[in-house]
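Please inspect the sequence and the structure before reading the solutions.

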Amino acid sequence: MFEGSLVLGATLCLFAGWLHRTEQRGWPNETFHTELDQEYRVARLRSRRRINFLIAVCGVLILIAAFASPGNLWAICWILVMMGLVLVVFLAGVDAFRTHRYHQRKLPEIRKQSFGDDES
């Protein structure tokens, strides 16, 4: 159990770091030219920074639980990990909804670029 907790905790910390670095540098084929794109990017960066922080905190809590013998600290760490990961799933859903709204607002712009002004 100790080794599994070490692997899981380290994996979560490294994954959160990789996600944060990739989000800061930008994903492949991603462009943000218009004002709408810039607003979305700022909101997305702020939201995903929080999510990545929560994932890293869960990883650290798992590492703490790995070194703590089964008892109160161990139980508290795992309960906090469970609550943190539920919060991550909720915030990811909010992020998905934000992305959906962005795409709905962006669709007329894409249609105008693709078909020109002759289609109403």
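Exercises with worked solutions follow.

This is a predicted model, in which local features need pLDDT of at least 70, side-chain atom pairs count only at pLDDT 80 or more, and totals for chains, interfaces and linings use all residues. Residues are numbered from 1 along each chain as its sequence is written, and side-chain values use heavy atoms, with hydrogens and water left out.

**Exercise 1. Compare the span of helix 1 with the expected span, and state what its buried residues pack against.**

Step 1. Helices are DSSP runs (H or I, at least four residues), numbered from the N terminus. Helix 1 covers residues 2-25, which is 24 residues.

Step 2. The expected span is 1.5 Å times one less than the number of residues.

Step 3. The buried residues (under 20% relative accessible area, with a 1.4 Å probe and protein chains only) of helix 1 are S5, G9, L12, A16, L19, T22 and E23. They pack against helix 2 and helix 3, where contact means heavy atoms within 4.5 Å.

Step 4. Just after helix 1, G26 has a positive phi of about 100 degrees.

**Exercise 2. Describe the packing of helix 1 with helix 2.**

Step 1. Two packed helices are described by the angle between their axes and the distance between the axes. Axes are lines fitted to C-alpha atoms, for helices over the stretch in contact, and angles run from 0 to 180 degrees between N-to-C directions.

Step 2. The axes of helix 1 and helix 2 lie 8 Å apart, at an angle of about 165 degrees. The two helices are therefore roughly antiparallel, a term for angles over 145 degrees.

Step 3. The crossing of helix 1 and helix 2 is left-handed, that is, the near helix is turned anticlockwise from the far one by less than a right angle.

Step 4. The contact of helix 1 with helix 2 comprises 17 nonpolar, 6 polar and 5 charged residues. Here Ala, Val, Leu, Ile, Met, Phe, Trp, Tyr, Cys and Pro count as nonpolar, Asp, Glu, Lys and Arg as charged, and the others, Gly among them, as polar.

**Exercise 3. Describe the packing of helix 2 with helix 3.**

Step 1. The contact of helix 2 with helix 3 has 23 nonpolar, 3 polar and 8 charged residues.

**Exercise 4. Which residues beyond four places in sequence are in contact with S47, A65 and A66?**

Step 1. S47 lies in helix 2 and is buried, with a relative accessible area of 7%. Its contacts beyond four places in sequence are with D95 and R98.

Step 2. A65 is in helix 2 and is buried at 2% relative accessible area. Beyond four places in sequence, A65 is in contact with W74, C77 and W78.

Step 3. A66, also in helix 2, is buried, with a relative accessible area of 11%. Beyond four places in sequence, A66 is in contact with F2, S5 and L6.

Technical notes:
Buried < 20%, exposed > 50% of the residue type's maximum accessible area, 1.4 Å probe, protein only. Parallel < 35°, antiparallel > 145°, perpendicular 65-115°, else oblique.
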